[in-house]
Amino acid sequence: MAAFKKLIFIQLMAWLILVTAGCYFISQNFDSAIGNAQKNAQATVEQYIKNLSATDISADNLKSTLATSETFSRFTLRDYQGAEVFSISNTPKLPFIAELIQSNYNSVRPQYATNNNADIKVEFKLNIAYLADQFQTAFFIVFAISTLLALIPVILMKSIVEHINTNVCMGVADVIDIYINQNQLSDDFATKFDSSQLEKLGKNLIPSFNRLSYFLKNKNDDIKTAAHTIKREAYKDGITDLGNRNMFVDYYEKHIENTEVSTFGSLALVRCSELQSINQSRGYQKGDEYIKAVADIIKSISGTYTSSQVFRVNSSDFIIILPNTPLKEAERFGENLQSRFTQYMQNQELSSVANTGIVGYEKAKPLGELLSIVDNAMSMAQSKQVNAWHVQRDTDLVNNVSAGFGNQNWRKVINEVIESRSVHLVMQNIMPLGKSIKAYAEIQARFKTEENQALPTASFLAMAEKLDMAIEIDKLIIESSLEKIKSSNLSEKYFGLNITPSSAHSDQFMIWLERRLLKDTHIASKLIFEVSEFGLQQNIKASKRFIDMVHRVGARITVERFGVGLTSFKFFRDLKPDFIKMDASYTRGLEDDKNNQYFMRLMVDLAHRIGVSVFAEGVESQEEKHIVETLCLDGVQGYYIEKPKDI
């Protein structure tokens with residue numbers, strides 16, 4: 001292809017030279033022809049008037065004899081005094097190329113002639129229109145012939161080159177086919193060609209293709225190594241360096257479900273109960289530290305069991321496989337986990353750490369069935385107490401009696417909490433960042449069993465939502481909060497109460513809440529109800545009805561966890577909340593994240609334009625607080641500002 005391009009360039013240069021030379025040649029001939037024509041015209045005119053006198057010639061005779069527009073483009077007759085007797089002017093328009101050549105050479109010049117007595121003077125300029133037409137024709141003939149001479153070799157050479165390229169490609173394709181067939185016959189990568197099959201295709205190709213073969217073999221080895229590394233990395237959890245869900249499934253299928261040898265053991269599911277709460281209130285970095293600590297506890301205890309395996313299968317769940325460990329021994333494993341989790345909980349001032357569900361497994365047990373059973377065990381453990389564990393035995397599964405027992409047990413626990421009003425209230429203040437800013441303290445709920453055992457808050461609220469019992473829990477929290485405010489003479493302070501989306505969108509709950517708040521209007525005006533942005537977006541019309549009702553009774557609304565969804569400010573103009581609380585994910589590492597700073601600043605500007613105050617939650621360091629202040633937010637909340645405390 002490079003040679004073909006070079007040929008085209010040479011032919012183009014040759015064509016340009018031919019055209020230039022031809023044009024120069026005919027231009028010279030054109031100029032010479034004009035010069036000869038002018039000489040002939042000069043001689044003719046001089047010969048005609050040489051022996052004439054002014055009395056012998058009339059203007060009309062001279063005009064009819066010499067001054068024709070076909071011969072001269074201009075002709076003027078003057079007497080002996082130089083006065084003009086007559087003049088004819090008819091300058092024809094020349095073809096463009098002829099006009100260009102004529103103007104460059106200045107070929108056509110004015111001419112003069114006088115008679116012997118000098119009483120007749122003639123001025124004339126030759127008409128070269130017929131010469132210009134001849135020149136134009138000659139130019140196009142030269143251009144066409146030279147172009148044809150330049151293109152014919154290119155056209156022929158292009159077809160020849162394409163034919164040669166086709167033959168070369170076919171030859172190379174045959175060589176590659178031979179090599180592919182050769183490698184299909186062996187498991188390993190061949191590094192040399194069978195030269196006996198290539199004699200007809202050209203022996204000169206063999207060394208080059210052998211080098212290519214060696215290169216491909218090395219690349220194949222590199223790809224296998226890289227694939228193994230990628231698979232190993234893909235099977236590893238980035239935070240804990242444990243195997244992830246893919247590795248767990250692969251291990252279970254190879255060593256338990258599809259193994260040829262007899263095997264049994266215990267499988268434990270550990271679920272971190274406080275991950276979401278820590279991420280929101282303390283930041284994602286603290287959440288990662290919490291996960292690492294739980295992983296270290298699990299590895300420490302499971303490490304005492306021979307051939308034990310630990311996997312992190314999702315953000316909050318770990319699975320531990322204890323081969324050849326009966327459930328009786330697995331109970332001790334659960335007790336040790338609970339003890340260590342409780343110790344860590346007290347050191348870190350958490351309300352809980354994790355719960356554990358334990359089941360037995362045996363050879364050929366389908367993974368889906370086993371995970372369903374261990375999930376029931378987890379539900380049972382969560383409904384007991386903080387950091388509790390539960391062992392699910394085969395005897396519990398007779399006739400599928402316990403297929404939904406986890407949910408039933410949770411429903412029982414939640415009903416007991418509602419009936420006994422076992423809710424403990426704490427509050428966490430929002431610090432205002434300006435003297436004119438009105439902030440408030442967020443009331444948070446903690447729940448206990450009849451035995452006064454604390455329940456994991458996140459799991460409790462999630463199960464209440466799942467079992468359609470969130471409205472009753474919201475009513476309990478609101479009633480308990482109003483009673484606490486009145487009994488503690490706190491009616492002059494402002495308090496925030498969390499409302500689940502299902503309650504906010506329930507007409508029955510909205511009617512109950514309006515009537516309840518109207519009984520204590522002086523307290524209602526001090527309340528701010530917090531609903532998540534995502535929850536409000538689920539039903540815009542119902543959300544607007546709820547917010548309008550809250551405003552009617554004098555209370556206010558905060559959109560919490562703002563920024564998680566895809567909110568437009570038309571949404572805020574329609575719903576008209578009083579505050580928005582930025583999600584804690586925007587505060588995490590805010591001092592180093594310019595994108596989050598820009599987004600928060602933009603949200604603050606837009607919110608202030610429509611009269612909405614903006615708070616930041618999850619502030620865990622002085623640097624984060626300083627950045628929030630520079631971004632002109634109205635208040636901050638987090639463990640750096642204040643930890644939750646009793647009301």
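First, a word on what you are looking at. This is a predicted model, in which local features need pLDDT of at least 70 and side-chain atom pairs count only at pLDDT 80 or more, while totals for chains, interfaces and linings use all residues. Residues are numbered from 1 along each chain as its sequence is written, and side-chain values use heavy atoms, with hydrogens and water left out.

Let us start with the whole protein. Its secondary structure comes to 21 helices and 20 strands; helices (H or I, at least four residues) and strands (E, at least two) are DSSP runs, numbered from the N terminus. Of the 647 residues, 45% count as buried, where buried means under 20% relative accessible area, exposed over 50%, and partly exposed in between (1.4 Å probe, protein chains only). A contact means heavy atoms within 4.5 Å. Among contacts between residues at least 6 apart in sequence, 70% join residues at least 24 apart.

Now back to the strands. Two strands pair if DSSP finds at least two bridges between them. Strand β14 (residues 495-498) pairs with strand β12 (residues 441-448) in the parallel sense over three bridges, and isoleucine 443 stands opposite leucine 497 in β14. Strand β14 is also joined to strand β15 (residues 527-532) by four bridges, and these two run parallel.

Next come the helices. Two packed helices are described by the angle between their axes and the distance between the axes. Here axes are lines fitted to C-alpha atoms, for helices over the stretch in contact, and angles run from 0 to 180 degrees between N-to-C directions. Angles under 35 degrees count as roughly parallel, over 145 as roughly antiparallel, 65 to 115 as roughly perpendicular and the rest as oblique. The axes of helix α15 (residues 507-519) and helix α18 (residues 540-552) come within 10 Å and cross at roughly 5°, so α15 and α18 are roughly parallel to each other. On the α15 side, the contact is made by Asp507, Phe509, Met510, Leu513 and Glu514, and on the α18 side by Arg545, Phe546, Met549 and Arg552.

Helices α6 (residues 245-257) and α10 (residues 367-382) give another picture: their axes come within 11 Å and cross at roughly 115°. That makes α6 roughly perpendicular to α10. In this contact, Arg245, Phe248, Val249, Tyr252 and Glu257 of α6 meet Leu367, Leu370 and Leu371 of α10. Phe248 and Tyr252 also belong to a cluster linked by ring pairs, together with Tyr251 and Phe311.

That brings us to the aromatic rings. Rings of Phe, Tyr and Trp (its six-membered ring) pair if their centres lie within 6.5 Å; planes under 30 degrees apart count as stacked, over 60 as edge-to-face and the rest as tilted. The structure holds 12 aromatic pairs. In one of them, the rings of phenylalanine 75 and phenylalanine 124 have centres 6.4 Å apart and planes at 25°, so the pair is stacked. This pair links distant parts of the chain, with phenylalanine 75 in strand β1 (residues 72-78) and phenylalanine 124 in strand β4 (residues 121-126), 49 residues apart. Phenylalanine 75 counts as buried at 1% relative accessibility, and phenylalanine 124 is buried with a relative accessible area of 1%.
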